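Let us go through this model label by label.

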Amino acid sequence: MLFSKSILFSLLTSLVASHSHKEPVVDGPTLQQLWGDDWPFSGINTFAHLPHTKCLVDPSQEYDIAIVGVPFDTAVSYRSGARFGPRAIRAAAQRQTPNRAYSVRSEINPYNNWAKIMDCGDIPVTPMDNKLALLQMTKGYENILAHNTSSGVWKAPKIVSLGGDHSIIYPALKALNQIHGPISLIHFDAHLDTWLPDKYPSHWDSESGHFTHGTMLYLAYEDGLLSKDTNMHVGLRTRLSDASDYEDDDVQGFQRIHADDILEIGVDGIITKILKRIPKDQPVYISVDIDVIDPGLAPGTGTPEVGGFLTRELLKIIHNLQDLNVVGVDIVEVSPAFDHAEITALAGAQLAYEFITNMVKKEANNTTAGIPSIDIASGFPGKLLNQE
Ligand SMILES: [Mn+2]
């Protein structure tokens, strides 16, 4: 006989126990302790292994920061493919785990601090009809922002969008404007994106064709979504239609920092210029078109332009914007079909981490909201440290 009676008995009782969802051993490890801790390479790809819910179908969910994918790429002028950006960035974010996310730069672990951070999944946007897509994205953002915050620290959740082509900023600004009023924009990009729709060379015109990833900032300006004269481009190096493109850009209230400027004034000079222009209490949106980084370090994008920033330089600039009143951010134009070894998606994932760290750090000393992130997808509660 292979099993003794007592071994068979204990096997049966443990089976019964598991069927009735009781802990198998008193004083032993909990199931959470046994199985709750994912490796970076195990588990479903939520951003940084953070908890996931389809926020759009469950208005009762509360969170302080919403990570939301917007897989839309049918408003581009060159290579499409950024609809696969959110899944690529989430995959590249797997090495970020909530129990090992301490930032040496900011001296906090943003995932185990006071803020509840939720991966809200994607806004399912049609690739067939851009007019409908714009409506879907606008409603999607409105709904994401309508959730209660967990902590009450902010009047509305902050959003971290994973694009998608750059046009997704327009519905995001529409939704944010309803809560915050006119918003200052810090726009990291090789391109202007304030182009008037008729600057695209075509005899054929249509209203829905005005909504593109190069004209959406003009549309936002026309709608009065942006604040006057406190907007910035950072990292420009694109060819223009002609010099009048910059005159149009001036009218829309943008100051321009070119990629070349980093050679003249350095990273610190760029930070100083941004902080000088953007009032501290003003609601700010920060948008990163991944093509602001040099294509050598971010090849996976739709409209690459040589001669851009190093990823390290961009991260340093972003880190120093932590005192601003940032109400939302995006990382757009990550297009994994053109990527190599996840270089671009990794940059996108790290940028999202830096933005989230800034948001949490800004309030870390001002809130008594405590540490609600105990229900993170991985990590032993016993391992959580107060790392403020
Ligand atoms: Mn862009």
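**Labels and their grounds**

Q: In which strand is the place of S184?
A: S184 belongs to strand β4, residues 184–188. Strands are DSSP runs of E with at least two residues, and helices are runs of H or I with at least four, numbered from the N terminus. The model is predicted: local features need pLDDT of at least 70, side-chain atom pairs count only at pLDDT 80 or more, and totals for chains, interfaces and linings use all residues. Residues are numbered from 1 along each chain as its sequence is written, and side-chain values use heavy atoms, leaving out hydrogens and water.

Q: Why is S184 called buried?
A: Its relative accessible area is 0%. Buried means under 20% (exposed is over 50%, partly exposed in between; 1.4 Å probe, protein chains only). S184 is therefore buried.

Q: Which residues does S184 touch?
A: Residues up to four places away in sequence are not counted; S184 touches S227, T230, N231, I278, Q282, P283, V284 and Y285. Contact means heavy atoms within 4.5 Å. S184 and T230 are 46 residues apart in sequence, and their C-alpha atoms are 5.6 Å apart in space.

Q: What makes up the largest nonpolar core?
A: This core has 59 residues. F47, I186, F188 and I274 have the most contacts inside it. Helix α10 (residues 343–364) gives the most to this core, with 11 residues. Apart from it lies another core of 39 residues, including Y63, A175, Y218 and F254. A nonpolar core joins buried Ala, Val, Leu, Ile, Met, Phe, Trp, Tyr and Cys residues through side-chain atoms within 4.5 Å.

Q: Which residues beyond four places in sequence is I186 in contact with?
A: I186 is in contact with M232, V234, I274, I278, V284, Y285, I286, S287, L321 and L324.

Q: Why are α8 and α9 called roughly parallel?
A: The axes of α8 (residues 261–277) and α9 (residues 311–319) cross at roughly 25° and come within 9 Å. Angles under 35 degrees count as roughly parallel, over 145 as roughly antiparallel, 65 to 115 as roughly perpendicular and the rest as oblique. That makes α8 roughly parallel to α9. I262, V267, I270, I271 and I274 of α8 meet E313, K316 and I317 of α9. By class, this contact has six nonpolar, no polar and two charged residues.

Q: What makes α4 and α5 oblique to each other?
A: Helix α4 (residues 130–145) packs on helix α5 (residues 169–180) at about 40°, with axes 8 Å apart. The pair is therefore oblique. On the α4 side, the contact includes L134, M137 and Y141; on the α5 side, it includes P171, A175 and I179. The contact has 10 nonpolar, two polar and two charged residues.

Q: What is the peptide bond from G163 to G164?
A: That bond is cis, with omega near 10°. G164 sits in the loop between β3 (158–163) and α5.

Q: What is the phi of D193, and is D193 buried or exposed?
A: Phi is near 65°, a positive value in a residue other than glycine. D193 is in the loop between β4 and α6 (216–222). Its relative accessible area is 3%, so D193 is buried.

Q: Why does E333 count as buried?
A: Its relative accessibility is 2%, so E333 counts as buried. E333 also has a positive phi of about 70°, although it is not a glycine. Its place is the loop between β8 (325–332) and α10.

Note on methods: Axes fitted to C-alpha atoms, helices over the stretch in contact; angles between N-to-C directions. Nonpolar A, V, L, I, M, F, W, Y, C, P; charged D, E, K, R; others polar.
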